[in-house]
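Trainee: I have a model open and would like to go through it with you. Can we start with the overall picture and then look at single residues?

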Number of protein chains: 2
Amino acid sequence: MRMRHKPWADDYLAENSHIVISEPSQYKGKWHSVFGNDNPIHIEVGTGKGQFISGMALQNPDVNYIGIELFKSVIVTAVDKVKQTEAPNVKLLNINANMLSDVFADGEVDRVYLNFSDPWPKKRHEKRRLTNHAFLKKYEQVLGGKGAIHFKTDNRGLFEYSLTSFSEYGLVLTFVSLDLHQSDFEGNVMTEYEEKFAAKGQPIYRVEAEWRT
Amino acid sequence: MRMRHKPWADDYLAENSHIVISEPSQYKGKWHSVFGNDNPIHIEVGTGKGQFISGMALQNPDVNYIGIELFKSVIVTAVDKVKQTEAPNVKLLNINANMLSDVFADGEVDRVYLNFSDPWPKKRHEKRRLTNHAFLKKYEQVLGGKGAIHFKTDNRGLFEYSLTSFSEYGLVLTFVSLDLHQSDFEGNVMTEYEEKFAAKGQPIYRVEAEWRT
């Protein structure tokens, strides 16, 4: 994603701390109290400009959404999206995906979304892919060894890699689409990227991978 | 596959019983004696006109290949292909895939190939798909709960179905390509169908699914 330095981002995030939670590790094990209900918690790792998480929050008021984004210059746009939707069931965290278990207690999360993650195509960057076993282990911890990952991408190489990575890790693939927009999948919420790719007629790949106990 | 009735097929198969084995159940548990060696046995279920199995036999002289094809009017062409190659390590069986365990002892087979299997797209025909759980159970038996299925197809719906079918059955996906001819996979032997589809630039999907003990 092209990013411009935004010197005002720090102040903007601080002003919107009801949406972008500061020092989120203080809520580890207590996220239900932040939302004021016991609804399931779904997180998006790499939430980008926030169109997906905002759209999901509007579509599913009985689910709590937390979008995680490392880059301040990107998450500020997600803040605006969340403000526009006025959905009370979505929060944002400006943290690294490596920090998940500092922020969430074991089993506190019910589902992980990954959308159009950076493909890191070079073999030597494999460990940076968000579907790598090292990351699956982090998701597994906060999911408490249950729940699922829902992943979509337009990147063929990353999708091929992810299918085998999920399967070899022991996850069960319960849904696969190799052309999401030509399938009968209902309720798809598009990301900003997805809208662009879909307009070009490029296929979007999607998989659901479950932990089975 | 378009099939023409060939009244001479029965005689032709009988004349070539060194290639198309008659009453194959008599060799159950004794296939190594048919080949005269202890090399691994790989079978292709739905071998069609035989280009794949003949090509594989030439490429891998240390593997024994057995092609299974239900339709007499199709298998006669496979007989010709095998005769042309003069490969000693390939045999054909004119049987239904349902009969695998009548013909092979438990664990006698080391790998199963499925190529461009009939997609049976209607939900009510799901049980006829060769990647359905009922068939996986048959493969599992003759494989002795080890080994792998190598499957390729140009049919998106069948491939999506098969990935989840394999995974939900408990197999591990160790290789996935969503565009085989644009990948760096080496040693691919094309079927007759595959040559046609590839010439049109349509993607070929391929997966390897393993039993893990």
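**Notes on the model**

Mentor: Start with Y193(A), which is found in helix 8 of chain A, residues 192-199. Keep in mind that this is a predicted model.

Trainee: Is Y193(A) buried, exposed or partly exposed?

Mentor: Y193(A) is partly exposed, with a relative accessible area of 29%.

Trainee: And where is E194(A)?

Mentor: E194(A) is also placed in helix 8 of chain A. At 0% relative accessibility, E194(A) counts as buried.

Trainee: Which residues is E194(A) in contact with?

Mentor: Leaving aside neighbours within four places in sequence, the contacts of E194(A) are F116(A), K152(A), L180(A), H181(A), N188(A), V189(A) and I204(A).

Trainee: What does UniProt say about these positions?

Mentor: UniProt places the feature "binding site" at K122(A), D154(A), T191(A), E192(A), Y193(A) and E194(A). Those residues are spread over 73 residues of sequence, and they are also spread in space, with up to 24.8 Å between C-alpha atoms.

Trainee: Which other residues does the annotation "binding site" cover?

Mentor: The UniProt annotation "binding site" also covers E44(A), E69(A), N96(A) and D118(A). These span 75 residues in sequence, yet no two of their C-alpha atoms are more than 13.9 Å apart, so they gather at one spot.

Trainee: Let's take E44(A). Where is its place in chain A?

Mentor: E44(A) lies in strand 1 of chain A, residues 41-45. E44(A) is buried, because its relative accessible area is 2% and the cut-off for buried is under 20%.

Trainee: What does E44(A) touch?

Mentor: Not counting residues up to four places away in sequence, E44(A) touches F52(A), I53(A), I66(A), G67(A), I68(A), Y113(A) and N115(A).

Trainee: Now D118(A). Where is that one placed?

Mentor: D118(A) is in the loop of chain A between strand 4 (111-115) and helix 6 (133-143). At 44% relative accessibility, D118(A) counts as partly exposed.

Trainee: Which residue does the "active site" annotation cover?

Mentor: In UniProt, the annotation "active site" covers D118(A). The "binding site" annotation covers D118(A) as well.

Trainee: You listed F116(A) among the contacts of E194(A). What is the phi of F116(A)?

Mentor: Phi of F116(A) is near 50°, a positive value in a residue other than glycine. F116(A) is in the loop between strand 4 and helix 6 of chain A, and it is buried, with a relative accessible area of 10%.

Trainee: What about chain B? Which residue there has a positive phi although it is not a glycine?

Mentor: E86(B) is one of them, with a phi of about 60°. E86(B) is found in the loop between helix 4 (72-85) and strand 3 (90-93) of chain B. E86(B) is exposed, with a relative accessible area of 67%.

Trainee: While we are on chain B, where is K127(B)?

Mentor: K127(B) is in the loop between strand 4 (111-115) and helix 6 (133-143) of chain B. At 67% relative accessibility, K127(B) counts as exposed.

Trainee: What is K127(B) in contact with?

Mentor: Its contacts are N132(B) and F135(B), leaving aside neighbours within four places in sequence.

Trainee: Back to the overall picture. How many helices and strands are in chain A?

Mentor: Chain A has eight helices and seven strands.

Trainee: What share of chain A counts as buried?

Mentor: Of its 213 residues, 49% count as buried. The accessible surface of chain A comes to about 10100 Å², of which 47% belongs to carbon and sulfur atoms.

Trainee: What about contacts between residues at least 24 apart?

Mentor: Among contacts in chain A between residues at least 6 apart in sequence, 77% join residues at least 24 apart.

Trainee: Last one, on charges. How many positive and negative charges are in chain A?

Mentor: Chain A has 26 positive and 28 negative charges, and their mean positions are 7 Å apart.

Terms used:
Residues are numbered from 1 along each chain as its sequence is written. Chains are lettered from A and ligands numbered from 1 in the order in which they are written. This is a predicted model: local features need pLDDT of at least 70, side-chain atom pairs count only at pLDDT 80 or more; totals for chains, interfaces and linings use all residues. Side-chain values use heavy atoms; hydrogens and water are left out. Helices (H or I, at least four residues) and strands (E, at least two) are DSSP runs, numbered from the N terminus. Buried means under 20% relative accessible area, exposed over 50%, partly exposed in between (1.4 Å probe, protein chains only). Contact means heavy atoms within 4.5 Å. Accessible areas come from the Shrake-Rupley method with a 1.4 Å probe; for residues, only the protein chains shown count as cover. Lys and Arg count as positive and Asp and Glu as negative; His and the chain ends are not counted. The place of a charge is taken as NZ of Lys, CZ of Arg, CG of Asp or CD of Glu. UniProt positions are given in the numbering used here, feature names are shortened, and annotations may be inferred rather than shown by experiment.
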